[in-house]
Amino acid sequence: MDNFTIVGQKIPKIDAPVKATGDALYIQDIKVSGMLHGKILYSKYPHARILKLDTSKAETLPGVRAVVTAADMPPNFRIGVMKDNPPLKSGKTKSIRDEIAAVAAISTEVAEEALSLIEVEYEELPGIFDPIEAMQEGATLIHEEVKSNILKMPWKLVCGDVETAKKDSAHIVEDTFSTQWVTHCCMGTSGCIAQLDASNNLTLYSNTQIPSLAQNDFIEALNAFGYKNRRVRIIQSVIGGGFGSKLDTYAYEYIAILLAIKTRKPVKIIFSREEEFFATSPRQCTITKISQGCDKEGRLTFREIEMILDNGAYTSWGATTPSVMMLPISSLYKVPNIKYVAKCVYTNNTYCQAMRGYGNPQATFAIESSLDQLAEKAGIDPLEFRIRNSNEPGEITPQRFKITSCGMKECIDEVAKRLAWKTKKEHKGNRGVGIASLIHVGGGARVYKSDGCGTIIKMDDFGKVDVFTGASDIGQGSDTVIAQIVAEVLGIPIEDVNVVNNDTDICPWDVGVHASRTTFVAGNAALGAAKKIREQILEAAGKLLEEEPSFLDIKNSIIYSTKDKEKSTPLGKALRKIHYTLGGKMLMAEYFYDPANENFDREFKGNLSVSYAYGAHGVEVEVDKETGQVKILNYIAAHDVGKPINPLLLEGQIYGGGLQGIGYALGEKMIYKNGRLMNGNFLDYKMPTVKDVPPVQAVIVETDEKDGPFGAKGIGEPGLVPTAPAIANAIYDAVGVRIKDLPITPEKILKALKEKQGRT
Amino acid sequence: MKSYEYHKPKTIEEAISLMGSLEDAKFIAGGTDVMVLIKQKKISSKCMVSLRNIDGLAYIDTQNGLRIGSGTTHNTIDENGHIKRYYSALTDATSRLGSKQIRNVATIGGNICNAAPSADTACPLLALDAKAVIVGQNGSKTTSLDEFFLGPGKTILSKEELLKEFVMPLYGENTGSAYIKHTRRNAMDLPILGVATRITVSLPDENISRCKDMFCTIDSISNILERLKDEGVKCEDVMIAMGVVAPRPMRAKNAESVMKGKIVSSELFEEIGNIAAGEAQPRDSIRGEAWYRTEMIKVLVKRALIKSIDRVIRPDEAFYPERLW
Ligand SMILES: Cc1cc2nc3c(=O)[nH]c(=O)nc-3n(C[C@H](O)[C@H](O)[C@H](O)COP(=O)(O)OP(=O)(O)OC[C@H]3O[C@@H](n4cnc5c(N)ncnc54)[C@H](O)[C@@H]3O)c2cc1C
């Protein structure tokens with residue numbers, strides 16, 4: 001991108017200095033005058049009847065301002081997509097994270113002590129912790145009122161005719177793959193401060209990644225509390241990571257609101273690290289039965305998948321991940337015939353939520369592992385097999401995705417070249433190579449009624465600009481990207497752009513940080529607003545300089561004529577002249593961008609995104625056959641991202657995603673035993689450390705995405721989508737054992753090696 | 001967090017008498033175990049007696065063997081060249097304990113007194129035949145470290161007793177040692193299993209250079225062992241210690257006695273690994289399954305032993321072929 005001076009440059013995050021110096025104010029740092037501290041009492045058992053709940057002792061503890069239970073919540077008030085989750089539970093508890101009571105006190109210490117004074121008597125009930133068991137006839141119902149443990153959210157996608165395709169296939173493979181619970185591990189734990197004014201309007205300080213939708217939810221809550229037609233203002237703190245964990249509203253927020261109502265004081269609830277582990281919602285675990293076939297030439301003929309997801313006891317957006325899983329299932333490689341059925345099942349486990357990739361990593365693990373099996377059966381090199389079936393620009397996939405730009409083949413080629421695939425394949429000595437590809441939404445995703453984002457731009461008297469965007473920066477760097485776009489269009493230095501993104505009173509609507517959409521959608525919104533204000537500036541400057549606006553340009557904050565060198569003025573001076581004159585004006589512009597993508601129809605078909613992101617990961621591993629340990633020797637992550645707006649941040653997303661994917665593949669697992677989390681800490685939850693980072697090469701494959709801001713597509717999630725299958729395939733190549741259940745631990749490898757030895 | 005009294009004695013005697021007079025008091029050195037336990041509400045002592053201001057608890061004395069003061073941080077040990085050369089197993093442990101930040105404050109005394117079955121310095125100290133010098137109200141005594149541990153978190157120390165130092169014998173050029181920490185992560189992790197070995201070997205002088213050469217290859221362990229056997233490498237003395245395989249760090253004494261006096265060979269190592277595995281009583285836990293730990297003892301005892309021998313034969317080698325161990 002030679003013509004641009006700011007877009008396309010490796011510009012460090014504009015918020016890096018405040019974060020590095022500790023000046024950034026996270027929710028933990030925010031204090032509101034008169035604020036009380038809330039703490040939540042959770043169920044002692046994953047499944048139990050509450051026989052007695054006595055809060056009287058807690059209430060009399062000095063410093064306690066309120067103790068609340070389900071009795072204080074509006075009756076029948078439920079949260080979540082299926083409205084199956086009362087913020088405070090009564091009668092029966094259904095999971096270990098069930099909120100039973102809560103306290104507001106003058107300090108967290110007093111609140112904690114008060115919790116220990118609440119007397120609860122339980123009758124422990126046998127729980128169901130296995131979705132297969134929960135699906136059986138006569139299984140205890142988790143929610144008695146809904147009559148079945150299978151969620152009334154039937155996921156079914158049928159394209160073409162799988163049965164006929166099976167008959168016509170030369171090779172077919174079938175197998176079952178499973179994945180585990182993993183959690184987001186945000187550095188910033190969840191938290192909020194709820195504050196009501198005298199008219200019962202709510203201000204919620206929060207680290208949510210969906211301010212506009214959260215506003216909606218809390219307006220509903222105030223209605224339920226009897227405060228009709230109130231205003232809700234969400235003020236976001238600096239957000240210490242989201243990864244999907246903050247993509248819904250949660251019981252603790254409603255509890256904070258309830259405590260604020262009871263005490264008429266602001267109430268702050270901050271999760272401890274322990275709570276962050278067990279009381280937030282992980283990525284759902286899946287059991288995937290997959291069958292795929294190909295013809296003699298190795299062209300894919302069909303893909304059939306049946307999937308069971310452990311929903312846990314309540315329902316969050318996580319239950320809708322099968323909709324995104326449909327994307328790789330129907331459209332990763334060219335597959336004409338597709339059948340996919342998924343069931344989400346209630347259990348007494350923790351309930352699941354969105355997490356980076358939104359189901360795609362689970363589905364891709366099954367697809368890409370199975371694809372290697374198929375390639376082997378067909379006697380074709382797995383990389384060659386993938387090239388043969390690769391997606392292409394201009395394709396319309398069976399689910400009706402319109403593929404615009406597509407650099408999939410180029411990504412696979414990069415992997416082949418940089419991994420020295422051909423030579424490494426011949427290798428051996430316990431080393432092996434593996435590859436897996438990905439498709440993800442790269443131009444928004446219409447999963448809600450609107451996929452839009454608004455932006456307002458306001459110029460000051462000095463040539464500086466304030467940009468009010470709906471898009472939240474959760475650490476991914478969207479503020480920097482938005483500032484780059486605006487600075488580029490206006491011809492001003494990036495330091496002169498101030499991005500305001502944290503207050504629903506000021507910022508326009510945005511659907512939220514999900515679906516890798518922020519650069520694409522908020523970027524387009526910022527671009528639209530910047531172009532509009534540029535027109536206004538040039539229009540007014542044209543009058544000042546007596547020049548046709550079309551001959552005017554702005555560079556380094558100077559407006560000048562491209563025709564006549566004499567005609568120029570500093571931007572700030574021009575703005576002041578436009579302002580300080582009779583009938584003067586301040587320049588402002590707004591723009592709302594909603595991409596031209598489609599909601600799925602009743603058959604789950606439609607062009608979900610206006611563009612799709614592609615990538616391929618290749619990995620070389622070495623397996624220690626005596627210990628089962630895997631060492632990653634080389635990791636290539638090639639991504640088709642359209643045009644990079646900021647290669648530095650882009651690579652950051654690829655490294656970060658890749659590393660999160662490596663954790664998913666090789667070590668991370670929330671160990672639940674009978675509904676209880678056994679490893680809710682960083683010692684036993686094996687998130688990789690900096691010392692575990694293998695050599696990762698991020699390769700940017702440029703395509704030009706006509707709808708993207710400056711040609712860009714999304715990259716937030718793709719980095720971890722194909723990691724696990726690429727590693728599993730490499731391990732198979734190295735030592736001939738295929739691990740079908742994540743994470744791939746040394747124990748599983750050693751066991752498989754011993755079994756294999758026993759067989760031969 | 002609960003508040004507590006914090007005492008800063010200047011001498012060992014003062015520290016001991018404070019412990020005698022204060023009710024519900026606890027020593028705190030680096031605090032990296034104590035503070036975690038307080039936060040987890042597993043201890044709730046009202047008084048903390050800090051050992052950080054006592055002169056003469058943090059030292060390394062290499063005259064005539066090795067003495068390490070209990071207040072010495074892991075990082076200080078890690079940076080000591082003499083220890084790295086003659087007590088290598090200890091450096092293997094301190095170099096990978098926690099993280100740099102932890103190693104800068106955490107002490108070797110705290111690691112041992114905390115008596116976790118996974119304590120990283122326990123296996124090396126056992127294999128290096130360390131003695132613990134304990135000071136109490138009635139003076140000081142010396143016990144072998146093997147007698148020091150009673151169970152998880154339990155030692156022979158009474159409340160008023162303080163661990164002053166570790167004392168290890170002088171080891172010559174024919175002795176090498178190693179510790180292997182088997183983990184899932186490369187940092188900030190406790191071992192699934194830890195194995196430390198120390199071996200004293202004898203071999204005809206004229207064979208040394210040939211042995212050196214074979215260690216420079218990346219041949220398999222069994223091949224190297226066969227060659228060592230041909231060169232007549234003999235085990236004169238050996239100690240093997242294992243962590244996380246029993247309620248306390250332990251020695252594989254049967255394996256040691258079988259090995260002593262024998263010419264090394266592939267079969268012998270195989271046998272030693274199996275005997276050691278038989279001596280352990282590993283359990284299933286979320287950190288690792290018993291069968292896996294048993295399998296790993298067999299592998300890691302072998303690897304630690306050969307690494308120890310390598311260190312005798314190539315004492316100045318900075319790089320050891322990683323693929324072997
Ligand atoms: C993040 C983290 C990572 C860690 N990683 C590891 C690891 O990889 N491997 C490992 O083995 N450990 C690890 N630990 C545990 C801990 O750091 C070590 O056990 C450390 O050596 C303890 O030393 P300390 O000086 O901090 O002990 P303290 O916490 O001060 O004390 C520990 C115990 O010993 C007692 N004590 C201390 N000194 C004496 C003395 N001289 N006489 C009598 N009693 C005494 C104390 O009363 C207390 O009971 C880790 C801890 C943390 C927080």
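This is a predicted model: local features need pLDDT of at least 70, side-chain atom pairs count only at pLDDT 80 or more; totals for chains, interfaces and linings use all residues.
## A ligand and its surroundings

A polar side-chain atom of B:Asn111 lies 2.8 Å from an oxygen atom of the ligand. Residues are numbered from 1 along each chain as its sequence is written, chains are lettered from A and ligands numbered from 1 in the order in which they are written, and side-chain values use heavy atoms, leaving out hydrogens and water.

### Around the ligand

In the side chain of B:Thr32, an N or O atom is 2.6 Å from an oxygen atom of the ligand, and for a polar side-chain atom of B:Lys181 the distance to a ligand oxygen is 3.0 Å. On its own the ligand has 990 Å² of accessible area, and the protein covers 89% of this. Such areas come from the Shrake-Rupley method with a 1.4 Å probe; for residues, only the protein chains shown count as cover.

Which residues come nearest to the ligand? Out of 32 residues around the ligand, these are B:Phe27, B:Ala29, B:Thr32, B:Asp33 and B:Thr107. A residue belongs to this shell if one of its heavy atoms lies within 4 Å of the molecule. By class, the shell holds 16 nonpolar, 11 polar and 5 charged residues. Here Ala, Val, Leu, Ile, Met, Phe, Trp, Tyr, Cys and Pro count as nonpolar, Asp, Glu, Lys and Arg as charged, and the others, Gly among them, as polar.

Four elements of chain B each supply at least two residues of the shell: β2 (25-28), α2 (34-39), α7 (108-114) and β10 (162-168). The largest share, 4 residues, comes from α7(B). Helices (H or I, at least four residues) and strands (E, at least two) are DSSP runs, numbered from the N terminus.

### Enclosed space

Rolling a probe the size of a water molecule over the atoms shows where empty space is left.

The lining of the largest cavity has 8 nonpolar, 7 polar and 5 charged residues. Within it, α7(A) gives the most, with 3 residues.

### Some individual residues

The table shows how accessible several residues are.

| Residue | Relative accessible area | Class |
|---|---|---|
| A:Lys92 | 10% | buried |
| A:Cys185 | 12% | buried |
| A:Tyr358 | 14% | buried |
| A:Arg230 | 31% | partly exposed |
| B:Gln63 | 62% | exposed |
| B:Ala241 | 0% | buried |

Buried means under 20% relative accessible area, exposed over 50%, and partly exposed in between (1.4 Å probe, protein chains only).

A:Lys92 sits in strand β4 (residues 92-93) of chain A. Its side chain is joined to that of A:Glu144 by a polar contact of 2.9 Å. Such a contact is a pair of N or O atoms within 3.5 Å; within protein, one must be able to donate a hydrogen and the other to accept it, and residues adjacent in sequence count only if both atoms are side-chain atoms.

B:Gln63 is in the loop between β4 (60-61) and β5 (66-69) of chain B, whereas B:Ala241 belongs to strand β13 (residues 234-243) of chain B. A:Arg230 falls in the loop between α6 (211-224) and β11 (232-236) of chain A.

### Backbone details

Most residues other than glycine have a negative phi, and most peptide bonds are trans. A:Cys185, in the loop between β8 (171-178) and β9 (191-196) of chain A, has a positive phi near 55 degrees. Phi is also positive, near 45 degrees, at A:Tyr358, which is in the loop between β15 (337-346) and α10 (360-378) of chain A. A cis peptide bond, with omega about -5 degrees, joins A:Leu742 and A:Pro743. The loop that holds A:Pro743 runs between α18 (723-735) and α19 (746-759) of chain A.
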